[in-house]
Structures are given as C-alpha cells and as structure tokens.
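Me: I should like to go through this structure and understand the reasons behind the terms used for it. May we take the terms one at a time?

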Amino acid sequence: MATKTSLKLTTPVEDLPGVGKKRGAALRAMGLPSVAHLIHLLPHRYEHEAAEAAISDLRANEVVTARGEVTATRVAGRPPKSRFEAVLMDETGRLDLVWFNGGYLRSRIHPGSRIRVQGKSRKFGGGLQVTNPTWEPLADEANTEPKRRRERLRPVYPGTEDISPRVLDIVIQGILDPAIELIEDHLPEAHRKERALPSLREAYRMAHRPESLDEAAQAQRRLAYDELLLLQLGLQMKRAYMERSVRAPALHWSKQIDAHIRARLPFELTMGQDAAVREIARDLQKEQPANRLIQGDVGSGKTVVALYAMLMAAADRMQGAMMAPTELLAEQHFLTLAEMLAGSNVRIDLLTGAKRGEERAETLSRIESGETDIVVGTHALLTETVRFKDLAVVVIDEQHRFGVHQRAVLRQKTANGESGGGADGRDRAPHVLVMTATPIPRTLAMTIFGDLDITTIRGMLPGRKPIATRVVEPSQREEVFEFVRTRIDQGDQAYVVLPAIESGGALRDVRTTAKHLEERALSGKRIAVMHGKLKGATRDQIMGRFRSGLIDALVATTVIEVGVDVPNATVMVIDQAERFGLAQLHQLRGRVGRGQRASVCVLIGDPSSPEAAGRLGAMAETADGFELAERDLQLRGHGEILGARQSGAPMFRAVELPKHLELLELARRDARAWIDRSPTLSNDSESLLRTRLWKAHGDALGLADVA
Ligand code: ADP
Ligand code: MG
C-alpha cells in the first residue's frame, strides 16, 4: 500500500488506501487507473455539507449533520406510501429520522448501524426530527470511520453503479494533498498572473476541495483555459507551418474579371453572396493558401459563390475542383454549373465513381492536360490518382460532418499533392473553401475548426417564401396525411421522413409507413421509398424520378437530408420528430421552400424531455439557421454539434460552452501570439507544455510533421 511519501502520479489505484482489488477494477473500468487520472477527474457539482455537531447542540430549522448509532427502526404505512423511521443516538442525545417512501431502507439501516445523516431539522415532540436526510454508513466506505466533519463543499463526482460519488470523494480526498505536490505547471507564472489564473496545483486543490463556490469556479476557469489553449496551440502551430512551408497560386482579380464572372451568373448576387465573394476574392489573391469555411443556411445560394471562386482560377488558366459528399449531389452541381457555363469557353467535367472505362480515362486525361477548367466530383477527386495540370481552388461542399482533426488531414493531403515543390522550396497547395449548410455559431466554429477563416452568407434569396412549420401530436398523424393528400391533389410533392428503415420496436419506420400510406391516406398516389440501404444507383434513379415529378410522395430516412433540390416538393412531414437533432430537422426542412408555392413543414412529435420539446419549439419559432444553432448550443452544450464526438474532436472535461466562449476567445488570441513568438514551442521552458500538447492532440493533428 502506498504511503504518503511514496505516492506517485502513476501509482495504480489498487495501491491506494481503501481501494483494493474490487474497487480498483471498477475504477479502471471507469478509465481511472492511476492517481493522475483521479486527480484529473472533475466533480460535476458541489453540495454544501454542514459541520457535524453533537445531537444535543443541534437546533431546529437548520440543515444539520450528525452521526451516531441507530437504536430502533420501523416501517410505517403501506407501500407505496410507506415511510421508514429510525432513532439515532449519540452520547449527547436522540434524533428522530424519517424517510417518506423509504421502505427500501429496511434492508440497509438496522439497529446497530453507525451512520451519518444530513438534512433539515424541525421540532418534533420534545426533540428534533430530520425528514428525508441524506445518509451514509460510517466505518464502511473506506474501512475507517471518518473524522468529525467540518463544514465544507462536498464535490460530487460522476459515479457508476460500482463506484458511488461518495467513494470517489473519499478516495480522492485521501490522496489529494500528496498528489497535488507532484503536479507541475506548464504555464509560466507571469502568463497566469496576467490572466488571473491560479496555478495548476491551486486549481486542482480548489476543484477537489474548494473553500467556496468562487474557488470552484476559479479552478474550472483555469482547467478550461488549459484545454482550450492546448487545442488552439495545436491548430495555430499547424497553421503557422502551412504559412511557412506551403504556397498557393496568387490569383488575379480586377474589375474586369469580376464583371466577366458576374456576367456568367443567371442572377444578381444577393448582398450576402456579394460579401462572401469579396472576402474570397481577397483570399485567393494571396500566396497563403485560403482555408475558409463558408457557412450559409440551406438555400442561401452557396453554389454560385463556389463557382465564382473556381472561375477566378479559370480566368488565370488554372483549375478549380468541387467535391460533393454524394454522387447524386455531384451530378446536381455539375448540371447546375454546366448550365450557367453554357456558351462560355470554360470547360467543365464530372468525375464520380459511376464514370468508368473509356469515358473515365478521357475525363482524367482532360483534367491532366488542363483542357478541363472545372471538375465536379466526389471525394474520389482527392483520394484517387487524379492528376491536375494546375489546381488552384478546391471547394468542398456540405462537409459539415468533418471535425477539426479530419480537416487537418485533408488539408495535408491537398498540400502534398501532385504539384511538388515550388521554386522557393515550398510545396504548392490549392486554396481550400469548405461550404457548410449547418450553421455553426461563430465562436463554436473557432473551437472545432480553429484553423479556418469563416464567411457567413446571411439573408434570404429573392422570391423565397417562408416555410410554415407546425408541431402536432401523434394522435393527429392521420390528419397530417390527409393534408398531404390534398397537397398532392393540387400537384405538389411531399417528403415523409422517419427515424428508421424497418423497426420492430418503438421507432416509426419507412417500410410500415409506406405500406400504410399506400393502403390508406395516399392510396392511388405514386409513393416511393428511399433509405440508406438502397444502392447508390437505385437511390439516384428514385431521386431522378422524384425530381421529374413521377413520384408524389417520397417516404424516406434522413438520406434526403443533404442538398437535394426539388422546387415542386412543398410538404415535409417528419414523424417522431423528437428523435432528430435540431440541425438535422433544420436541414430536412430546407428540402422544401425551394419553389414558388408556399411550403409547409409538419413535425409529428411526442417530446419526452424538456430538451426535445425545446427543439421542436425552436423549429416552430424560427427558420433562421443561425438562431437555431445558437439555441441548439443552449439546449445541449457543444457535445453533439457537428458530430464532434464521432469526428474524434477532443471532448472537453472542464470547458462548458457557451459559458466559456470568452475564455475561448482569450485562448485563441493567446495561442496565436504564442505561436508567432515560438512557432514550434521548442524552448526549454516550453517542454512541459509541448509534451502536454503532443499528448492531447499530437497524433490527431499530425504535429510530428510540423515541428
Ligand atoms: P445552397 O446554399 O443551399 O447550396 P444553392 O446554391 O443550391 O443554395 O441555391 C439555391 C437556389 O437559389 C438555386 O436554385 C440557385 O440557382 C438560386 N439562387 C442562388 N443565388 C441566387 C440569387 N442571387 N438570386 C436568385 N436565385 C439564386
Ligand atoms: Mg448546396
């Protein structure tokens, strides 16, 4: 067993007082194998614990804490109304305890049990009674009876079935003092002082044993700052590396070029598009590769903005490429752009997996010779051995599922592409624009895409009709489908979206619903199903038929979420809408409202939590994607946004968004200045910081190549 002097941060939990084999295994299962892990475990809240007092000193109408021996117990009344009563005695007096609905306690508290209780006291008979006290057995948790407790804030840790928050508290309190002595700070004192941040030792002491809630908040602020700073340092380091070692073609721009490009577009740009185009034009004129996120709500008109950028490349006799996430979308973009370019001398090509044989070979050779100015395709464009003559601009559409780490890898690939070293020894890289229809609050985007510049296209396109959104209860389902029928009778088309393809369980599914609609509400109408298990080619074919008006209602899963544009589809029904995230609901709704007729979105929902109800309510209240994104952040924090979890972006322990947005700004500024000063963090004084940065993000961000 580890004594205080031999304790190390690496000491295994099994060796700690009061832990042993069984608890050790449970702690390991929680991801807490050593002292360091325990110290890093942060409480998610604190509870006030009154000082322990002798029973005769307790007063009425206060939160009191006392210990003693249980001398009598009984269950009174019948379940479910039964209550459990006990008498607690110490050397000085008697305290009556009662737990309403406490029948379950009969097997846990017996005469002879030694327990500690806390709760509100009141006069009872001649003495005092505490109702529904919290309690804990003494001489059981850590095999030694704890000392009389003074007043404190008790940290409440995230426990599991096997390890209660209380056990974690006892174990951590037991090692805290010696463990804290071992912690080294990676931030210089001056840096901390300027930002009023406590030292790391103080921070961990205040997190686990705060004197006040203010101390707990100070601790969290320091630890959150560290997490944000490390991520930002990694991102900035990467960015600085790109700036040093990679060069993009500086494209030309002039009033004439601008006028020439605009003349190609079938409409005037909106103010939002115009602002975006200007920002992009400024970027593309630099040698530093652009790395910009263009976020615009569904239907804000991002495609022509992309075209503008690619035409700047074409105007310089270089190439542009646009990547879409699916073949269907690639084709759709290709058709749209080809139409706009008809009659010009700009050559556009399509490259997807569907193109094979000779046709493919010809396309590849046109791309390589430079005959093709603009290529539209899927991811295959980057991963395959596609050779460009002179690629200057890459546009990635709808990549809202990419997290920060994937982005970094992607950029690396682009940078080390075919063009090889330039005259100054720097690699040649294209400008990269990423377009997303998932609006992200700016500050959040900085966390996840910290290395990106951001352009936001705001405002509605001319002629767009707002979409009426209704939230209805499941009992109104048949009325909704009747409504769909009347709209189809008027020549409109509809989407019906469900959470599952086929489900035996609680989920509404595509198969059953399609069958039901065929037999009842939509009998005689042309119905098709669409979901992820269908082959890509089949899906494309169905989508094509829907677009041509050969299908009245498409019963589908969220596969239709991205990018599909069918102006005649004016009804979107989402069943079990409470199952979908806000971003997803908003995306789905954006599939309608694309034509001249007013569109309707009906959310059939049965929200089981306030959060789900909040989502549906928000959908009904606003159509502004940015507003929804902010609400989403408020409703559930940053966890799920952008699929941060799946994308491998680090989950934060201490950071809470949006609470820490200001801290995020601070960390970002600090990281930028730091990397400007010391691009690879190679000073001796930075070695601990560097080690921690590598540990947190080194692999994911590929920092080994950078410094
Ligand atoms: P998204 O941002 O969702 O990708 P799109 O680029 O697909 O939006 O544009 C949606 C529709 O609006 C398309 O049919 C497009 O031709 C049209 N559009 C785009 N910009 C304008 C504009 N400035 N004026 C009129 N229509 C526009
Ligand atoms: Mg689009």
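Reply: Let us begin with Ala196, which is found in the loop between helix H4 (189-194) and helix H5 (200-208). Please keep in mind that this is a predicted model.

Me: Why is Ala196 called exposed?

Reply: A residue counts as exposed when its relative accessible area is over 50%. Ala196 has a relative accessible area of 56%, and therefore it is exposed.

Me: What makes the phi of Ala196 worth noting?

Reply: Most residues other than glycine have a negative phi. Ala196 is not a glycine, yet its phi is positive, about 55°.

Me: Where is Asn61 placed, and why is Asn61 called exposed?

Reply: Asn61 lies in the loop between strand E1 (45-49) and strand E2 (63-76). The relative accessibility of Asn61 is 56%, and exposed means over 50%, so Asn61 counts as exposed. Asn61 is not a glycine either, and its phi is positive at about 65°.

Me: Why does Ser682 count as partly exposed?

Reply: The term partly exposed covers values between the limit for buried, under 20%, and the limit for exposed, over 50%. Ser682 has 47% relative accessibility, so it counts as partly exposed. Ser682 sits in the loop between helix H21 (661-677) and helix H22 (687-701).

Me: Which residues are closest to ligand 1?

Reply: The closest are Glu268, Gln273, Gly299, Lys302 and Thr303, out of 17 residues that surround ligand 1. An oxygen atom of ligand 1 is 2.7 Å from an N or O atom in the side chain of Lys302. The protein covers 79% of the 560 Å² of accessible area that ligand 1 has on its own.

Me: How do you know how far the predictor's confidence reaches in this chain?

Reply: The chain averages a pLDDT of 86, and 89% of the residues score at least 70. Over residues 412-422, however, the pLDDT is below 50, although this stretch has 22 contacts in the model beyond near neighbours in sequence. Where pLDDT is low, the predicted coordinates should not be read in detail.

Note on methods
Residues numbered from 1 in each chain as written. Chains lettered and ligands numbered in written order. Predicted model: local features only at pLDDT ≥ 70, side-chain atom pairs only at ≥ 80, totals over all residues. Heavy atoms only, no water. Near = heavy atom within 4 Å. Polar contact = N/O pair within 3.5 Å; in protein donor to acceptor, adjacent residues only side chain to side chain. Areas by Shrake-Rupley, 256 points an atom, 1.4 Å probe, with all protein chains shown as cover. pLDDT = per-residue confidence, 0-100. Contact = heavy atoms within 4.5 Å. Helix = DSSP H or I, 4+ residues; strand = E, 2+ residues; numbered from the N terminus. Buried < 20%, exposed > 50% of the residue type's maximum accessible area, 1.4 Å probe, protein only.
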